[in-house]
Amino acid sequence: MSRFLIPAAVFLALAGVLYVGVVHSPNKSTMQSALLGKTVPAFSLPVLGNPGMSLTNTQLAGRPWVLNVWGTWCVACRDEHAALLDIARQNVLPLVGLNWKDEDDAALDWLQQLGNPYSVVVADRDGRTAIDFGVYGAPETFFIDDAGRVQYRHVGPMTAEIWQREFLSRLPRAGLP
Amino acid sequence: MCGPVLAVLGTLLLGISLSAFAFDIESMPTPAQQKRYDGLIHELRCMQCQNQSIADSPVGLAEDLRRDVREQIIAGKTDAQIRESMVNRYGNVILFRPPFTWSTAWVWLAPFALLLVGGFVAVRIVRKRSSLVASDDSIVETDEQAS
């Protein structure tokens, strides 16, 4: 009896470890942000298409907002663009675009052709702010609460379903219009 | 038909593998800083291509992270401070050598546990074998007695 009991136990233990490993493997879409619960990194970036103007994180403090990291070189960003336009039409949360390592002209062309879902777009031309946000692949979308803390990060194209489930649900009831 | 296609594919693949190495690692002002820089960039994971270090990857993000390391070294940060700043932004996953914490303890301890199990199994097998040999001898003896 114990002849089979020990190998069976070893097998089950190994299967358990491998199962946990597979389920929690760093899937690009499920990797948690290291910033969750922490204050947004400080930034001061030029506003796209508005020379001389800049936007800082402190200007956004006091209400919840959403940061969407995108670039015209990013194919999946094109995929999510329609969803972002729908979200902008709901007018619930301000969408701040972080144009990551892009050409300003290309970005402006993109917004003109596909429509502009953003309240404001800032140009992170050398990618420093993206690194401070722990960005590793566009598109990424962050939910920042009214206290300026990162509450959620979605990696990959935004969809209506994710918006509903992960972003709208995090709005404080009192903050709803 | 197949030949030319394969030749083109081969050339493309060669191009890809060559282009993967066609970038220069930036140099540091002093040899001491260069040594620290080389060490750090080899132990930080490129988050975009997760099984390469930022020293091995030509992608833009790896380049930006190398610049970040370089600037922090020049700004006088210690290796520990630089690692911490990376972990604060990207999480422990950016370190190829994860720190010993409660959640990573099993990663560090599992090899020793497996070694113990293996040793235990080996000892058991050896013991069983030696008792088999003893009984074999007795059979041989009885055979000799019989002949």
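Visitor: How many residues does the contact take from chain B and from chain A?

Guide: This is a predicted model, in which local features need pLDDT of at least 70 and side-chain atom pairs count only at pLDDT 80 or more, while totals for chains, interfaces and linings use all residues. Residues are numbered from 1 along each chain as its sequence is written, and chains are lettered from A and ligands numbered from 1 in the order in which they are written. With two residues in contact if their C-beta atoms, placed from the backbone, lie within 7 Å, the contact takes 14 residues from chain B and nine residues from chain A.

Visitor: Which element gives the most to the side of chain B that touches chain A?

Guide: Helices (H or I, at least four residues) and strands (E, at least two) are DSSP runs, numbered from the N terminus. The elements giving two or more residues to that side of chain B are α3 (60-74) and α4 (79-90) of chain B. With five residues, the element that gives the most is α3(B).

Visitor: At what angle do α2(B) and α3(B) pack?

Guide: Two packed helices are described by the angle between their axes and the distance between the axes. Here the axes are lines fitted to C-alpha atoms, for helices over the stretch in contact, and angles run from 0 to 180 degrees between N-to-C directions. For α2 (residues 31-42) of chain B and α3(B), the axes lie 10 Å apart and the angle is about 145°.

Visitor: Which residues of α3(B) make the contact with α2(B)?

Guide: From α2(B), the contact is made by B:Q33, B:R36, B:Y37, B:L40 and B:I41. On the other helix, α3(B), the residues are B:R66, B:V69, B:R70 and B:I73.

Visitor: Where is the kink in helix α2 of chain A centred?

Guide: The bend at a residue is the angle between axes fitted to the seven residues ending there and the seven starting there. In α2(A), residues 75-90, the kink is about 40° and is centred on A:H81.

Visitor: Which elements of chain A do the buried residues of α2(A) pack against?

Guide: A residue is buried if 20 or more other C-beta atoms lie within 10 Å of its own, exposed if 12 or fewer, and partly exposed in between, with C-beta atoms placed from the backbone. The buried residues of α2(A) are A:C77, A:E80, A:H81, A:L84 and A:I87. They pack against β3 (65-70), β4 (95-100), α3 (104-114) and α5 (160-167) of chain A.

Visitor: What percentage of the residues of chain B count as buried?

Guide: Chain B has five helices and zero strands, and its pattern along the sequence is α-α-α-α-α. Of its 147 residues, the share that count as buried is 14%.
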